[in-house]
Amino acid sequence: MSLHIPFDNSYARLPERFYHRQPASAVAKPGLIAVNHSLAQDLGIDPDALESPKGIAALAGNALPDGADPLAQAYAGHQFGGWSPQLGDGRALLLGEVIDRFGTRRDIQLKGSGPTPFSRMGDGRAGIGPVIREYLVSEAMHAMGIPTTRALAAISTGEPVIREQVLPGAVLTRVASSHIRVGTFQYFAARGDEEALQLLTEHTMARHYPEAEDALALLRAVITRQANLIAGWMGLGFIHGVMNTDNAQVAGETIDYGPCAFMDVYQASKVFSSIDHYGRYAYVNQPNIAVWNLAQFATCLLPLIHKDRETAAKLATEAVHSFPAQYTQAWLARFRAKLGLTGAEDEDGDGDEALIDGLLDAMEDGQADFTNCFAGLSEESAEASFADPAPWRDWLPAYQARLARQGGADLASMAQVNPKIIPRNHLVEEAIQAAQNGDYAPFQTLLSVITRPFEPPQDPKFQTPPRPEQTIAQTFCGT
Ligand code: AMP
Ligand code: MG
């Protein structure tokens with residue numbers, strides 16, 4: 001058993017101004033929390049080798065695996081709308097890339113691996129809480145069929161990190177189809193570095209959009225993937241929490257799980273993040289923010305779209321303006337499937353969109369649990385998810401009439417998009433609390449349940465909304 005990672009590092013072959021090359025900083029006492037066996041196998045890495053002392057040392061940043069070429073990527077970004085010309089990997093290092101068994105190039109990144117020139121005031125480290133949260137939520141997203149970065153491993157460092165309190169440190173090994181963000185493009189656009197923009201555009205197209213022939217086609221393709229991604233989030237009651245442009249990945253995967261959470265009781269304006277004072281990243285605002293982020297992306301690409309500025313602006317604007325229609329189609333497709341609707345009824349004001357909106361309004365008025373309401377639709381138990389069933393009862397006849405017209409609900413499609421289990425916030429918090437005390441059993445149990453989200457769990461606890469005293473009202477950034 002030996003650790004062999006078949007690295008092939010294309011990002012490291014880009015010019016040096018794209019990153020800062022450096023080794024990870026060693027930690028005091030690396031300990032294994034978890035290795036994702038099936039993902040390791042997909043990547044062509046022996047999971048047992050990852051769990052060996054050599055593997056753990058590599059995952060902690062204490063030893064450099066053969067072929068790795070660690071670097072901190074440069075990027076910029078708008079954070080809550082405010083411009084930061086230089087962010088970059090302040091607590092992460094790209095170890096390198098591998099081609100997985102499906103032929104897809106994937107990044108392997110250590111998060112929490114120590115300071116870099118991009119750390120600013122930060123310590124470059126991660127607490128065990130954010131590592132556990134990202135591990136659980138990203139693996140749940142994957143299991144629910146939403147594009148996402150993955151968790152390959154979590155390692156405890158044996159070192160404290162100082163936040164509001166002193167917490168145990170940890171390192172997450174993250175796998176992504178790449179870590180190229182809107183903010184990566186902004187970094188070079190803001191510097192007027194057209195040569196780098198061109199190289200980054202070519203790299204991104206070759207890697208993620210081989211069918212795109214030019215920058216405009218790239219922009220359009222990124223818009224389509226973002227529209228589908230956000231519709232996927234909306235269909236799960238997921239709130240990302242920090243949709244800054246540096247957290248908008250151009251390949252269209254969910255990335256940077258910080259103060260993210262799934263809603264229990266449905267509320268359109270729901271916000272969890274402790275720093276989102278104005279609800280910029282509220283549930284219902286996510287598609288609007290995606291457009292805002294895509295407009296920043298489009299702006300970066302202008303010089304590559306057309307030599308004539310006005311023509312470039314016109315083409316880019318048209319592309320960005322196509323988002324709402326694409327998003328609405330993706331959203332309708334997803335929610336039709338959630339309700340088991342087949343075909344399309346789209347009369348103005350009285351079609352499927354109104355029916356779906358009517359259910360969401362009823363859920364909000366009747367304080368329904370988002371996950372259990374949709375999961376209950378196919379089992380005639382949705383009503384039980386409402387604190388007040390009156391709005392549900394008012395809505396139901398229209399739904400029954402719609403189903404009668406199509407000859408019954410499409411139960412097969414419902415079963416694929418209505419999870420029975422999400423990583424409920426109070427259970428994630430329980431797993432984090434235990435892990436902070438060195439007990440990883442609740443994390444392991446929760447992980448095994450949320451990675452089979454469409455199966456009924458043996459323990460009903462995983463489907464039960466929090467009691468009032470268990471409800472988590474706020475979540476904190478992943479630092
Ligand atoms: P985030 O909002 O978590 O995506 O992080 C935004 C920026 O802050 C990125 O440039 C991160 O690398 C940086 N950052 C966050 N936490 C830390 C930390 N503990 N040490 C250094 N940099 C950090
Ligand atoms: Mg980030």
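Mentor: Helices (H or I, at least four residues) and strands (E, at least two) are DSSP runs, numbered from the N terminus. The structure above is a predicted model, in which local features need pLDDT of at least 70 and side-chain atom pairs count only at pLDDT 80 or more, while totals for chains, interfaces and linings use all residues. Residues are numbered from 1 along each chain as its sequence is written, chains are lettered from A and ligands numbered from 1 in the order in which they are written, and side-chain values use heavy atoms, with hydrogens and water left out.

Trainee: In which loop is Phe80 found?

Mentor: Phe80 is a residue other than glycine with a positive phi, near 50°. Most residues other than glycine have a negative phi. Phe80 is found in the loop between strand 4 (77-79) and strand 5 (82-84).

Trainee: Is Glu380 buried or exposed?

Mentor: Glu380 has its place in the loop between helix 12 and helix 13, and its phi, too, is positive, near 50°. Buried means under 20% relative accessible area, exposed over 50% and partly exposed in between, with a 1.4 Å probe and protein chains only. Because its relative accessible area is 78%, Glu380 counts as exposed.

Trainee: How many residues of helix 12 are buried?

Mentor: Helix 12 spans residues 370-377 and is mostly covered. Its buried residues include Phe370, Cys373, Phe374 and Leu377, and among the elements that cover them, by contact (heavy atoms within 4.5 Å), are helix 7 (215-234) and helix 10 (323-339).

Trainee: How far from an oxygen atom of ligand 1 is the polar backbone atom of Gly88?

Mentor: Around ligand 1 there are 18 residues, counted when one of their heavy atoms lies within 4 Å, and Gly88 is one of those that come nearest. A polar contact is a pair of N or O atoms within 3.5 Å; an N or O atom in the side chain of Asn247 is 3.1 Å from a ligand 1 oxygen atom, and a polar side-chain atom of Asp256 lies 3.3 Å from one. For the backbone atom of Gly88, the distance is 2.6 Å.

Trainee: What percentage of the area that ligand 1 exposes alone does the protein bury?

Mentor: The shell around ligand 1 draws at least three residues from each of domain 1 (11-179) and domain 2 (192-420 + 463-479), with bounds from an automatic or database domain assignment. Accessible areas come from the Shrake-Rupley method with a 1.4 Å probe. Taken alone, ligand 1 exposes 490 Å², and the share of this that the protein buries is 87%.

Key:
A polar contact is a pair of N or O atoms within 3.5 Å; within protein, one must be able to donate a hydrogen and the other to accept it, and residues adjacent in sequence count only if both atoms are side-chain atoms.
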